[in-house]
Amino acid sequence: MSVSINYHREGERPTLILLHGIGHHWQAWEPVIERLAEDFDVIACDSPGFGRSAALPASIEPTIAAYVDAFDWFSAELGIERPHLAGNSMGGAIALELARGRAIRSVSAFSPAGFWTTAERRFCQVSLTALATTPVAARPAVEALARTRAGRVALFSQTFGYPARLPAEEAVATLRDAWASPAFTRALEAFRHYRFQSPEQLRSTPLTIAWGRRDRLLPYRLQAPRARALLPWATHVTLGAGHVPFYDDPAAVAEVIRARARAAAVSDRRSGRM
């Protein structure tokens, strides 16, 4: 699958690919990137149909599986071999699925999608559809609200644990890119096809699953225990953050990724892989 994927790149090897959640853009990772660029060749991507990336062809439904194929192609196009992956929400699900049968060095998944019941998945879809379908006439007022501290608390408390820490300009940019996304509504609808399954296929991949206890979109108390039950051999981390943890606690997010990569490197040395 050939698709144009926009990305930001900085740092030196080993390669770390960052995947954002639905309705977001690569800039969500900026507070974390500045903490990781000294240790990794960081490639922060806009998923197809989000940010500045072209949408998938109209004939392709934007399912998790389709995004996996797109990033498979992207890695091959850039000549990336055995990258570390980190993803949030939909990006976490994509990262986990990319690790099935592929040469992935490690995965750090933050509140990954797919550990939901049908009712929880519908709650997520309904919650985010309200953002995706904000009437055009109302958008200037919503942007103005997002520029205030109280407004960010009102608008982003479901996804950010500490929404006041989100800079006003990033809040507005997030809204604008979400509204402009040609894939948002269709990708949300396509969630109906996805639930995490067949965990044994990931047993050979070093995994960390991190969940924010303040996650109100994919609730920690409901979904993190399922991830622990399905992937008992993975490292499971609880963050004092929300669903999107990058501005809540960027240092903790960076350390989760760094620690996972260190452990994978030790495993590689023991097994003779480089």
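**Ground rules.** I number residues from 1 along each chain as its sequence is written. Because the model is predicted, local features need pLDDT of at least 70 and side-chain atom pairs count only at pLDDT 80 or more, while totals for chains, interfaces and linings use all residues; side-chain values use heavy atoms, with hydrogens and water left out.

I looked up the strand order and found an open sheet of 7 strands, 1-3-2-4-5-6-7, with mixed pairing. Strands are DSSP runs of E, at least two residues, and helices are runs of H or I, at least four, numbered from the N terminus. Two strands pair if DSSP finds at least two bridges between them. Strand 1 (7–11) and strand 7 (235–239) stand at the edges with a single partner strand each, so one side of each has no neighbour in the sheet. Neighbouring strands are turned by 15° against each other on average, direction ignored.

**One pair.** I then checked strand 4 (residues 84–88) and strand 5 (residues 106–110), which run parallel and are joined by 5 bridges. Leucine 85 stands opposite valine 107 in strand 5.

**Helices on the sheet.** I noted that helix 2 (residues 64–78) touches strand 1, strand 2 (15–19) and strand 3 (41–45), and its direction makes about 140° with that of strand 3. Helix 3 (residues 90–98) touches strand 2, strand 4, strand 5 and strand 6 (207–212), and its direction makes about 150° with that of strand 4. Contact means heavy atoms within 4.5 Å. Axes are lines fitted to C-alpha atoms, for helices over the stretch in contact, and angles run from 0 to 180 degrees between N-to-C directions.
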